[in-house]
Number of protein chains: 2
Amino acid sequence: MNFFKIRSLSEARAIIHDEVSRLKLEVERISIGACNGFIACENVYSEVDIPSFDRSTVDGYAVKIDDVMGATESIPAMLKLKGDSVMGEVMSETLQKGEAIYVPTGGMLPHGSDGVVMIEYSEQMSSDLILIRQPIAFGENIIYHGDDLKKEQLIIEAGKRINAYDMGLLAGAGINAINVYKKIKVAILSTGDEVVDCHLPIKMGQIRDINGYALMGLVSELGGEVVHKAIIRDDMNALKASVAESLEKADLVLLSGGSSVGTRDFTHQVIESFADGEILIHGISIKPGKPTIVGRAHNKLIFGLPGHPTASALVFEILVRPYMESVSNLKMKSIKVNAQITESIHSASGKDTFIMVNLAYEDNVLRAKPILGKSGLISLMTKASGYIHIESDQEGLYKGQDVNVYLFKRGEL
Amino acid sequence: MNFFKIRSLSEARAIIHDEVSRLKLEVERISIGACNGFIACENVYSEVDIPSFDRSTVDGYAVKIDDVMGATESIPAMLKLKGDSVMGEVMSETLQKGEAIYVPTGGMLPHGSDGVVMIEYSEQMSSDLILIRQPIAFGENIIYHGDDLKKEQLIIEAGKRINAYDMGLLAGAGINAINVYKKIKVAILSTGDEVVDCHLPIKMGQIRDINGYALMGLVSELGGEVVHKAIIRDDMNALKASVAESLEKADLVLLSGGSSVGTRDFTHQVIESFADGEILIHGISIKPGKPTIVGRAHNKLIFGLPGHPTASALVFEILVRPYMESVSNLKMKSIKVNAQITESIHSASGKDTFIMVNLAYEDNVLRAKPILGKSGLISLMTKASGYIHIESDQEGLYKGQDVNVYLFKRGEL
């Protein structure tokens with residue numbers, strides 16, 4: 001029974017966005033060696049200047065630049081060699097006019113020096129005499145105290161997914177552990193009397209749990225954790241019990257397979273059967289993905305995804321992914337690339353239409369080839385690089401037209 | 001001491017490529033629920049047709065299309081309702097002329113039907129009489145037996161990194177586990193008397209292990225496993241002992257921090273001190289990254305990466321990453337996007353030059369802003385979306401010119 005009006009894509013997105021604040025993810029403290037891919041839950045500031053002293057970026061001689069002004073190959077400057085800066089140790093000398101001190105790459109500069117001449121442009125004449133054959137500019141080959149980061153400067157913004165370079169920067173600031181959001185816990189329930197898990201024998205008329213495994217992969221690629229996965233028969237009580245268990249264990253419940261009228265009704269009824277259960281969305285004017293249901297119980301969202309693999313994956317990309325990202329406050333720019341569409345596409349007017357495409361360079365132009373075919377075919381999806389979005393007021397696309405392709409975030413075309 | 005000639009980038013790549021076949025990664029069998037991100041080490045073929053029977057893609061009535069030809073809202077076709085196809089069960093009826101059978105989405109079709117009319121275009125008049133108000137085409141709303149995959153068809157090619165949809169396809173074929181390469185085991189040794197780990201107190205003149213942690217992140221982002229990480233003083237014996245231990249534990253050794261002449265010499269000497277040790281590359285004409293050393297011992301590569309964070313990261317991207325990908329036979333297209341460079345860049349002639357850039361849309365045009373600054377600054381790297389490559393015979397780049405940006409594979413701009 002469906003007394004709900006079909007929502008537009010933008011209405012559906014707004015409804016889901018309003019739910020974000022209901023879910024508070026747990027926080028954990030994690031050592032920086034293990035924080036890659038986690039999302040910072042608070043701003044991290046440097047407690048020190050980085051570097052904490054003036055360093056040379058080359059192997060060479062710390063000098064006063066006035067002393068080497070005009071130095072050339074044939075008329076070198078002649079300086080008194082006053083010693084070495086030793087790696088990892090304090091350099092307490094102060095350079096006087098006419099003096100040079102050897103500094104290795106990364107070594108600490110003496111006070112009073114304002115440039116470093118690379119060793120290639122010098123010649124040591126005796127234990128205390130050095131020729132310099134090139135002038136240098138003020139500050140040349142020096143990283144100054146605080147150049148990389150100043151004390152109290154922001155290192156990591158809350159909501160950033162930590163990458164390799166962030167780890168380097170945290171290490172540079174001497175930060176050993178940071179607070180991150182725990183992974184979002186997701187339950188995945190595949191519904192249908194015909195669905196059989198892949199390690200069990202199958203009979204004619206039954207099918208394998210394609211969507212359950214694809215959703216497991218999508219959740220883990222997003223940094224979520226699948227805490228419960230089950231296949232449930234089309235039975236109101238079984239589904240209710242499994243959703244109740246999922247709401248205990250998980251932050252988010254994904255029901256998959258409810259494309260037939262019967263299953264849709266069960267999903268609807270189960271959500272409403274919880275004391276605080278509420279249906280938020282029942283049907284969205286998108287193609288594919290129309291029979292999507294979104295509800296809430298115990299302050300947690302329950303997505304009833306369509307049964308066709310392509311539709312299930314697309315609804316995950318356009319609705320579940322943004323929800324999971326917003327819950328963890330993730331600040332990121334998604335990868336959207338420009339490409340030429342290789343064939344004309346007719347779109348359903350009044351519906352937001354999504355088409356999977358495969359990207360490839362041809363004659364040095366990036367081309368997006370639509371992956372057309374029945375949306376029940378998972379084999380098509382494995383060829384997709386991303387998708388294009390034809391908005392509800394657009395007529396369709398002409399062959400050769402420039403389109404934006406939203407890349408699946410797998411780091412590969 | 002360096003008696004080696006500086007290698008061009010292409011020479012260096014060729015030398016490293018020739019080493020790939022020396023390393024044979026171990027193989028493990030892994031259940032498909034846990035295989036996301038692993039790389040298939042052999043082709044996987046379907047042992048069954050998917051689906052294994054003809055299925056409906058909608059809730060509706062299986063018919064013979066000739067029986068509903070010309071049916072309209074006002075002049076519907078009238079068919080005898082012969083029963084229901086039940087989800088997950090064999091449909092053994094054979095449809096006769098003038099008959100219809102109800103089939104839910106995903107349900108098995110009866111023999112003799114060649115199309116399914118959506119329930120929306122029908123009206124049930126009595127328990128055995130149904131009106132159909134729309135004609136359909138041959139095969140409409142049917143996925144045929146084998147449409148998704150045929151028996152013996154390739155599901156996953158050797159060298160493919162398994163993604164969410166591959167998991168779905170494997171599940172669809174009833175495959176429970178596959179053989180993948182074990183993660184490449186990597187040892188990361190940061191060298192330098194001045195380097196202190198981030199949980200230890202630091203004195204003036206010392207610095208933190210920035211590169212060690214950035215490399216940990218880069219390795220794990222690529223799907224590798226860091227099996228050993230240590231900070232080693234600039235001492236020949238200590239370095240030799242640590243490299244020897246690393247060669248026992250790991251498939252690949254990354255030495256970081258050897259930018260000063262002293263450390264470079266140690267790296268060189270340590271590699272040569274192994275009975276089968278060989279220096280393959282000592283210096284590459286790239287900027288940044290010139291002082292890179294590559295050697296081999298016990299059939300395993302040892303990369304001596306430059307000490308500056310930017311240089312270390314770039315050499316990882318352009319040399320270590322392709323090596324790790326080739327060892328696991330990874331077949332993928334890297335993400336390369338076209339953007340407009342926001343300022344003119346002068347490049348060092350005769351050298352391959354790499355510039356980190358930050359990508360952002362401005363006025364709907366993707367622009368690449370060079371991240372300029374001293375290559376010792378890790379804070380710059382955290383802003384980078386990717387890099388551009390100015391080849392050794394190019395003069396430089398003009399503001400506004402189109403450039404290819406190689407994205408760091410983190411799924412974000």
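Twelve residue pairs are in polar contact across the interface of chain B and chain A, both partners at pLDDT 80 or more. This is a predicted model. Between chain B and chain A, the count of salt bridges is zero. Over all chains, the structure holds 38 salt bridges.

**The interface of chain B and chain A**

- The area buried between the two chains is about 7300 Å². Carbon and sulfur atoms give 62% of this area.
- Several elements of chain B each supply at least two residues of the side that touches chain A. Among them are the helices α3 (164-172), α4 (210-221), α7 (309-327) and α8 (378-381). Strands are included too, such as β22 (336-341) and β24 (352-362).
- By class, the side of chain B that touches chain A has 36 nonpolar, 26 polar and 20 charged residues.
- The contact takes 82 residues from chain B and 82 residues from chain A.

- Tyr102(A) lies in strand β6 (residues 99-103) of chain A.
- Its relative accessibility is 17%, so Tyr102(A) counts as buried. The cut-off for buried is under 20%.
- Tyr61(A) is 41 residues from Tyr102(A) in sequence, yet their C-alpha atoms are 4.5 Å apart in space.
- Leaving out residues up to four places away in sequence, Tyr102(A) touches residues including Asp59(A), Gly60(A), Tyr61(A), Leu81(A) and Ile119(A).

**Salt bridges in chain A**

- Lys249(A) forms a salt bridge with Glu245(A), and their closest N and O atoms are 2.8 Å apart.
- The two residues are four apart in helix α5 (residues 236-249), so about one helical turn separates Lys249(A) and Glu245(A).
- Lys249(A) is partly exposed, at 37% relative accessible area. Glu245(A) is also partly exposed, at 35%.

**Salt bridges in chain B**

- Lys185(B) and Glu26(B) meet through their side chains in a salt bridge of 3.6 Å, N to O.
- This pair links distant parts of the chain, 159 residues apart. Lys185(B) is in strand β13 (residues 185-191), while Glu26(B) is in the loop between α1 (9-17) and β1 (27-31).
- Lys185(B) is partly exposed, with a relative accessible area of 22%. Glu26(B) is partly exposed at 45%.
- Glu362(B) and Arg367(B) form another side-chain salt bridge, at 3.4 Å, N to O.
- Glu362(B) is partly exposed, with a relative accessible area of 45%, whereas Arg367(B) is buried at 18%.

**A salt-bridge network**

- In chain A, Glu19(A), Arg22(A), Glu278(A) and Arg296(A) are joined into one network by salt bridges that share partners.

Definitions and conventions. Residues numbered from 1 in each chain as written. Chains lettered and ligands numbered in written order. Predicted model: local features only at pLDDT ≥ 70, side-chain atom pairs only at ≥ 80, totals over all residues. Heavy atoms only, no water. Contact = heavy atoms within 4.5 Å. Buried area = accessible area lost by both parts, 1.4 Å probe. Salt bridge = Lys/Arg side-chain N within 4 Å of Asp/Glu carboxyl O. Polar contact = N/O pair within 3.5 Å; in protein donor to acceptor, adjacent residues only side chain to side chain. Nonpolar A, V, L, I, M, F, W, Y, C, P; charged D, E, K, R; others polar. Buried < 20%, exposed > 50% of the residue type's maximum accessible area, 1.4 Å probe, protein only.
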